[in-house]
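Subject: Structure for your review

Hello,

Here is the structure I said I would send.

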Amino acid sequence: MAQAATKETPAIEAERELTDGFHLVIDALKLNGITTIYGVPGIPITDFGRMAQAAGMRVISFRHEQNAGNAAAIAGFLTKKPGICLTVSAPGFLNGLTALANATTNCFPMILISGSSEREIVDLQQGDYEEMDQLAVAKPLCKAAYRVLHAADIGVGVARAIRAAVSGRPGGVYLDLPAKLFSQVMDAEAGAKSLVKVIDPAPAQLPAPAAVKRALDVLKGAKRPLIILGKGAAYAQADDAIRALVEKSGIPFLPMSMGKGLLPDTHPQCAGAARSTVLKDSDVVMLIGARLNWLLSHGKGKTWGEPHSKKFIQIDIDPKEMDSNVEIVAPVVGDIGSCVSALLEGMDGKWPAPPADWINAVKSKREDNIAKMAPRLMNNSVPMDYHGALGALRTIIKERPDAILVNEGANTLDLARGIVDMYQPRKRLDVGTWGVMGIGMGFAIAAAIETGKPVLAVEGDSAFGFSGMEVETICRSRLPICVVVFNNNGIYRGTDVNPAGSDVATTVFVKDARYDKLIEAFGGVGVNATTPDELKRAVNAAMDSGNPTLINAVIDPAAGSESGRIGNLNPQSVLRKK
Ligand SMILES: Cc1ncc(C[n+]2csc(CCOP(=O)(O)OP(=O)(O)O)c2C)c(N)n1
Ligand SMILES: [Mg+2]
C-alpha cells in the first residue's frame, strides 16, 4: 500500500492533504457521535448533505424545514444527543426557527445549522441572495447562537453548540455557517487536530446534601403528599431510580403529558384519573422535572385549593426555575438522575407510608372516574365519537406498549392524553409546553428513525394539515408509521356556520374529506375507518406490516368542544352575548 501511494503524482498527494469546511463539519459531527441529519437541501448546503450521506451519515430530506426541525428536536429528547436540523439561508432558516424556539421552550436539545449568505454583503445590507442577519434573528429564540467564519474554528464551533444544547437545562442552539466557510480549505492534518471530541457534554450536577435533607424533611411531614413527574423526568433517562423513589415513598404520582409511562398509568399509585382531587387536596407536592407553568395553573388558583395551603418541593437543573410562580420551600437543584438518587439514598430503611386516608381517598376517586369512563370507551356509535375511537386505540397501545404514540390536535389531544394509558417511558410525544400544532409528522419520523419502534400518530384533522405533506417522507423512507387522522371536518368541531357572507366558517374544512387518499399518492396504505372495529383492525394491520399507513377515522363533527379541554383560556367578548 505504501509503495502504491508513493507512485502517485505529487499533485494528487497535495490534494489528499487538504480538507475543507464541508468535510470538517461532517467530521466534527461524526466525531461526536452524531449520525443523523434532518433537513431540506438548497444553496449553500446541498453538497454538504450529499457529502454527509457519502460519509455514512443518515441525511433525511423533508418537505418543509419546520418538520425537519421538529424531527431534530424530538430526536434530541429521545436520545439526549442534540438532534441536527440543516437548512438553507433566510427562508429555510426561518422555517426551521419555529422548531428551534419550540425545542428551547420544551428543553429539547437540538442544533439548527443553517447556511447563510456572504457576511460582507449581509452586513452592509447590499442585497445578497437570501440575505438575512440570521445570527441576530436566532439569538433571542434559542439557548445559544454561534457563527463560524474560519474552517479552523469548526471543531470548536460544533463542540460549543453540542455543549450548549445538552448541558444544564437542554435547549435549541443555532449554528450559522456562511457559504464561504464550506469551501474554505486547510491542511488536512491541522484540520483533524482542530476537531474537538466533547468530553462529558452534560456533566452531572449534584444537589447539595442540605437541599436533599430539607426536601426529605418536608416530604416526611406531609399528610397528603403528591409527586408530579414532568417531561424533564422522562428526558433524564433515570427511569429505574424514579420508579424506585416513587414506590419506596408510596406517594401518589401524577404524570404530566410526556411524563406518562415513566411508571405505567395503570400503576396502583398513579393519580392520573384523580388529577383534580390530588392537585386540590394535596398538602406537599414534589415536582420532578415539571415546571409550574400554565399547564399546572402556575401552582395557584382554584385548581390548587385553598391559597397558600401547599408546600412545594422542586427538583430541577435550573436554579432560576425555583420560585418562578410560587414559593418553593425545598428547592433541589441538580440533574434529575443525581437528585433522585440522592433522595433515595436519604430515605432510610423504614420510610413511613403516607397516611392511609389520603391513599384511600385518591384510590376511590381514581376508581370512580375510571368506572365512569369505561362504558364510553366501549361505545360503538357511528359516526364515531372521540371516546369510541380512542377506546380502540387504547387497547392497541396496551397490547403494544413499546410503540410510540405521537399526538396533536385539540379534542384529539386532550382526550387521547386522558384515555390512552402509557406503559413505558418516552413513548408519548406531543404538543408540549406551547400546545403547538405541526409537530406530528416530524416527531413521528424521528421517533421511528431514532428508536426503530413502530409509531402511531393520532392527529386532529387540523393538526395533521400542518405537517401532512411529510407522508411522502414517511413513504420514501419506508418508515413503520401509522397515522390516524381524527376527521371531524374541522378545528374543534365541523359544525360552525358563518353568520354572514359566503366564506365557510373559520373552523370548518371540506366536509367528508378523505385524508387516506393522500398517502396513496406516494404508495402508502390508505384506509377509511368509520367504526371502532374498523379502526382497530386497520391500525393492527399497519403495526403488524410496518407499512406506512394513513387511516381516515371518521369522527362525528359535533362531538368535540371548543379548544378541547382548555376552552377557558379563550378571551370572551361582552358584545358577543348581546
Ligand atoms: C401553530 C399553531 N397554530 C394554531 C394553533 C391553534 N390550534 C389549537 S388546536 C388547533 C387545531 C384543533 O383541531 P384538530 O386538530 O382538528 O383537533 P380537534 O379538536 O378537531 O380534534 C389549532 C389550529 C396552535 N395551537 N398552534
Ligand atoms: Mg378536527
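An oxygen atom of ligand 1 lies 3.2 Å from a polar backbone atom of alanine 410, a polar contact being a pair of N or O atoms within 3.5 Å. Another entry of this kind has a backbone N or O atom of asparagine 411 at 2.8 Å from an oxygen atom of ligand 1. For glycine 435, a backbone N or O atom is 2.8 Å from a nitrogen atom of ligand 1. On its own, ligand 1 has 590 Å² of accessible area (Shrake-Rupley method, 1.4 Å probe), and the protein covers 76% of that.

This is a predicted model, in which local features need pLDDT of at least 70 and side-chain atom pairs pLDDT 80 or more, while totals for chains, interfaces and linings use all residues. Residues are numbered from 1 along each chain, chains are lettered from A and ligands numbered from 1 as written, and side-chain values use heavy atoms, without hydrogens and water.

The shell around ligand 1 holds 17 residues, each with a heavy atom within 4 Å. Tyr386, Asn411, Thr412, Gly435 and Asp461 are the closest. Helices H19 (411-419) and H21 (461-465) each supply at least two shell residues; helices here are DSSP runs (H or I) of at least four residues, numbered from the N terminus. H21 gives the most, three residues.

Regards

Technical notes: Polar contact = N/O pair within 3.5 Å; in protein donor to acceptor, adjacent residues only side chain to side chain.
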